[in-house]
Amino acid sequence: SWQTNEVSMETDMVSGSALVIGTGCMPNCNFALINAHEGKPEYGHAGLQRNDYGVTGFTGFHNQRMVTDRSIPAGGEIFVNYGEAWFTTRGEDMATVPFAANFDLVDEFLVKFKNISLKYQTSENPDFTKDLWSIVEAEARVIPTRSGSALPLTFEDMQSAQSVGAAESRLPYSMRTVEWLNE
């Protein structure tokens with residue numbers, strides 16, 4: 001559920017939570033892979049007044065549409081931006097969810113990582129890059145952070161992220177096969 005200020009419902013109720021249904025309940029938020037946004041809903045209470053019975057049992061928001069910002073492949077998930085506040089106000093469970101800026105920081109780190117790898121990996125030390133990445137992964141797990149959570153998930157993902165970016169390296173993890181979807 002959402003707090004009233006998170007869904008612009010301050011005029012509908014003084015306090016409480018809102019349950020988002022329809023297309024609004026479909027997407028998740030993954031700052032790495034935002035591919036849609038919710039359009040502006042219409043607003044109206046169908047001629048009912050505040051003192052009419054039942055008018056406070058529903059919101060005047062309706063006809064909100066989901067709009068894709070880029071192609072979503074078959075089996076791909078819909079991701080919208082919940083806003084950072086949605087995560088920062090929900091305690092420790094959401095404390096390491098990476099924001100867009102964290103993926104940018106990781107991309108900057110990966111450029112430096114690649115420069116170090118190119119400088120020190122030699123024929124005498126062919127596993128230098130892989131060994132160094134193992135150290136980075138281990139250190140990121142010691143004290144979990146948002147930027148640590150934005151690191152590529154595997155050595156192979158790190159190699160891919162150096163060309164497509166840390167955020168895009170997460171795309172394969174958001175895909176489901178047709179067989180999986182049919183189960």
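Trainee: Which residues line the second largest pocket?
Mentor: This is a predicted model, where local features need pLDDT of at least 70 and side-chain atom pairs pLDDT 80 or more, while totals for chains, interfaces and linings use all residues. Residues are numbered from 1 along each chain as its sequence is written, and side-chain values use heavy atoms, without hydrogens and water. A pocket is an open set of points on a 1 Å grid over the protein atoms alone, where a 1.4 Å probe fits, with protein on both sides within 12 Å along at least five of seven lines; lining residues have an atom within 4 Å of a point. Here that gives Glu-137, Ala-140, Arg-141, Pro-144, Thr-145, Gly-148, Ser-149, Leu-151, Pro-152, Leu-153 and Arg-170.

Trainee: Which helix supplies the largest share of that lining of the second largest pocket?
Mentor: Helices are DSSP runs (H or I, at least four residues), numbered from the N terminus. H3 and helix H4 (146–149) each put at least two residues into the lining of the second largest pocket. The largest share, three residues, belongs to H3.

Trainee: On to the rings: what kind of pair do Tyr-82 and Trp-86 make?
Mentor: Rings of Phe, Tyr and Trp (its six-membered ring) pair if their centres lie within 6.5 Å; planes under 30 degrees apart are stacked, over 60 edge-to-face, the rest tilted. The count by this rule is nine aromatic pairs. For Tyr-82 and Trp-86 the centres are 4.9 Å apart and the planes sit at 65°, so the pair is edge-to-face.

Trainee: Is Trp-86 buried or exposed?
Mentor: Buried means under 20% relative accessible area, exposed over 50%, and partly exposed in between (1.4 Å probe, protein chains only). Tyr-82, at 22%, counts as partly exposed. Trp-86 has a relative accessible area of 14%, so the call is buried.

Trainee: How many residues apart are Phe-113 and Trp-133?
Mentor: Their ring centres are 5.4 Å apart with planes at 85°, so they too pair edge-to-face. Phe-113 is in helix H2 (residues 100–120) and Trp-133 in helix H3 (residues 128–142), so to speak a link between distant parts of the chain. Both are buried.
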